[in-house]
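Below are some notes on the model you sent, in numbered points. Please read them alongside the sequence and the coordinates.

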Amino acid sequence: MPRRFLQRYMPHPETLRRQRSLRFVSHIIGDPGLWALSRRTVANAFSVGLFSAMLPIPFQMIVAAFGAWLLRCNLPLSVGLVWITNPLTMPLIFYGNYRLGAWLMNTPAREAPARISTRWIADRMADILPALALGSVVSAIVFAIVGNVIIRLVWRWHISRSWKLRAMRRRQARLDRED
């Protein structure tokens, strides 16, 4: 079941509650509703996490945690999915978001230099920012919706498959008893 797979990799809420740096939010972390693993909570957690990951903002994990608390979905999944935009993938994802925004605004996109530096970004921030913001919001919404739908479909498929397998095992057991 997807639930067992996810439980294997999720941290325990008590471990997080004991963390000194997280004591100020321990009452929120301990809420069992934020650790539930159901089709709805996991699908919504994917939406929150993917949405937060696509935004070029600092403190994406805090945004994802707040979104999980607001939507009452799985907190560790929401926060963990933010790491899709890690230091290795972030430049590619945000450049893709910028290109999408430039295309939507019908403006020519600037080509990335051979070596991107903070100086290059700072010099062109006024030109880049509107397209990056638009592209990021659009891709965040699209990824959130697509992620939610895919998780719900995969979850439903997995449950349906397990019911069919269980029914086949029962039929086989019945046939074995009759022989």
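1. Of the 179 residues in the chain, 31% are buried. This is a predicted model, and the remarks below should be read with that in mind.

2. The chain contains eight helices and zero strands. Read from the N terminus, the order of elements is α-α-α-α-α-α-α-α. Among contacts between residues at least 6 apart in sequence, 71% join residues at least 24 apart.

3. On confidence, the mean pLDDT over the chain is 84, and 82% of the residues score at least 70. Helix α3 (residues 26–29) has the lowest confidence, with a mean of 59, while α4 has the highest, at 94. Where pLDDT is low, predicted coordinates should not be read in detail.

4. Helix α4 covers residues 39–54. Its 16 residues should span 22 Å at 1.5 Å a residue, and the end C-alpha atoms lie 23 Å apart, so the two values agree. Of these 16 residues, 13 are buried, which means that α4 is largely enclosed by the rest of the structure. The highest mean confidence in the chain also belongs to α4.

5. How do the axes of α7 and α8 cross? Helix α7 (residues 90–104) and α8 have axes that come within 6 Å and cross at roughly 100°. Because angles of 65 to 115 degrees count as roughly perpendicular, the pair is described as roughly perpendicular. On the α7 side the contact is made by F94, N97, Y98, L100, G101, A102 and L104. The α8 side contributes I128, A131, L132, L134, G135, S136, V138 and S139.

6. The structure holds one salt bridge. Its partners are the side chains of R119 and D123, at 3.9 Å from N to O. For reference, the cut-off applied to such a pair is 4 Å. Both residues belong to helix α8 (residues 118–178), and because they are four residues apart there, about one helical turn separates them. R119 counts as exposed because its relative accessibility is 60%, whereas D123, at 48%, is partly exposed. Side chains of opposite charge can pair when their charged atoms come close.

7. Is G80 buried or exposed, or in between? G80 counts as partly exposed, because its relative accessibility is 42%. The residue is found in helix α6 (residues 75–81). G80 and A64 are 16 residues apart in sequence, and their C-alpha atoms are 8.8 Å apart in space.

Definitions and conventions. Residues are numbered from 1 along each chain as its sequence is written. This is a predicted model: local features need pLDDT of at least 70, side-chain atom pairs count only at pLDDT 80 or more; totals for chains, interfaces and linings use all residues. Side-chain values use heavy atoms; hydrogens and water are left out. Helices (H or I, at least four residues) and strands (E, at least two) are DSSP runs, numbered from the N terminus. Buried means under 20% relative accessible area, exposed over 50%, partly exposed in between (1.4 Å probe, protein chains only). The expected span of a helix is 1.5 Å times one less than its number of residues. pLDDT is the predictor's confidence in each residue, from 0 to 100. Axes are lines fitted to C-alpha atoms, for helices over the stretch in contact, and angles run from 0 to 180 degrees between N-to-C directions. Angles under 35 degrees count as roughly parallel, over 145 as roughly antiparallel, 65 to 115 as roughly perpendicular and the rest as oblique. Contact means heavy atoms within 4.5 Å.
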